[in-house]
Amino acid sequence: RQFNPNIAIFQNQISDLPPMRPDESFRRPVRLFFGALNREADWAPIMPHLNEALSRLRGAVHVQVVHDKDFYQALDTDHKKFQPTCDYDTYKQLLRESDVALLPLSDTPSNRLKSDLKFIECAAHGVAVIASPVVYQKTLEHGKTGLLCAEPAHFADRLIALVINGGLRRQLTENAYKYVQEHRLLEPQVDRRIDWYRNLYRHRAQLTDALRQRTPEIADRL
């Protein structure tokens with residue numbers, strides 16, 4: 001607001017909630033998903049523990065990686081697939097075909113400003129989440145809608161638990177799906193968003209004048 005007082009904040013929501021996935025808690029191999037941009041500093045601490053878990057699980061986990069080639073190459077397993085940067089529909093399809101997702105975030109000032117979007121995407125598509133407390137502890141309930149990891153080694157422990165215990169995976173995904181269904185759909189937010197944009201339009205002349213005063217260097221472009 002020190003730069004522009006005319007702001008509004010809307011929580012990330014899910015626009016379309018697909019049907020709940022059928023019960024696939026019995027399925028093997030378990031499909032592990034990781035898809036992110038510029039996250040090497042976040043996943044590097046967990047990689048040794050993740051590789052140890054994959055070795056112990058002996059092929060019971062197949063990993064799907066989207067975008068991050070370094071993460072893919074660091075995985076010490078033959079059971080992995082790589083998808084280069086793709087459109088959002090492809091991303092969602094690969095996510096929905098998975099069973100468990102890794103959401104590591106190290107505790108940095110920039111990461112603390114991120115949203116829980118990846119959690120609600122996973123929840124909407126029936127994917128159990130293993131996440132860092134940073135950002136995700138605000139909405140994810142440990143043991144109920146997902147699993148939190150205070151230490152890097154916990155990612156391996158949680159993964160092994162979810163592979164062994166299909167019932168726990170199902171319980172987490174059902175609870176997380178219900179949370180999105182009850183609290184994180186876009187529809188209840190639409191009217192407030194529209195009102196915000198209409199209010200900006202109604203006051204566009206005053207807002208443009210205020211913009212010229214705040215940033216005279218761009219006045220000629222308005």
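Student: Which residue does Arg212 form a salt bridge with?
Tutor: Asp209 is the partner, and the closest N and O atoms of the pair sit 3.2 Å apart. Bear in mind that this is a predicted model.

Student: OK, zooming out. How many salt bridges turn up in the whole structure?
Tutor: A search of the whole thing gives 11 salt bridges.

Student: Which residues are linked in a network?
Tutor: Salt bridges connect Arg21, Glu24, Arg27, Arg31 and Asp99 into a network.

Student: Let's stay with Glu24. What is the N to O distance in its salt bridge with Arg21?
Tutor: That one is 2.9 Å, N to O, between the two side chains. Glu24 also forms a salt bridge with Arg27, where the closest N and O atoms are 3.5 Å apart.

Student: Why does 3.5 Å still count as a salt bridge for Arg27 and Glu24?
Tutor: Because the cut-off is within 4 Å, from a side-chain nitrogen of Lys or Arg to a carboxyl oxygen of Asp or Glu.

Student: Is Arg21 buried or exposed?
Tutor: Arg21 is buried, with a relative accessible area of 7%. Arg27 is buried as well, at 16%.

Definitions and conventions
Residues are numbered from 1 along each chain as its sequence is written. This is a predicted model: local features need pLDDT of at least 70, side-chain atom pairs count only at pLDDT 80 or more; totals for chains, interfaces and linings use all residues. Side-chain values use heavy atoms; hydrogens and water are left out. Buried means under 20% relative accessible area, exposed over 50%, partly exposed in between (1.4 Å probe, protein chains only).
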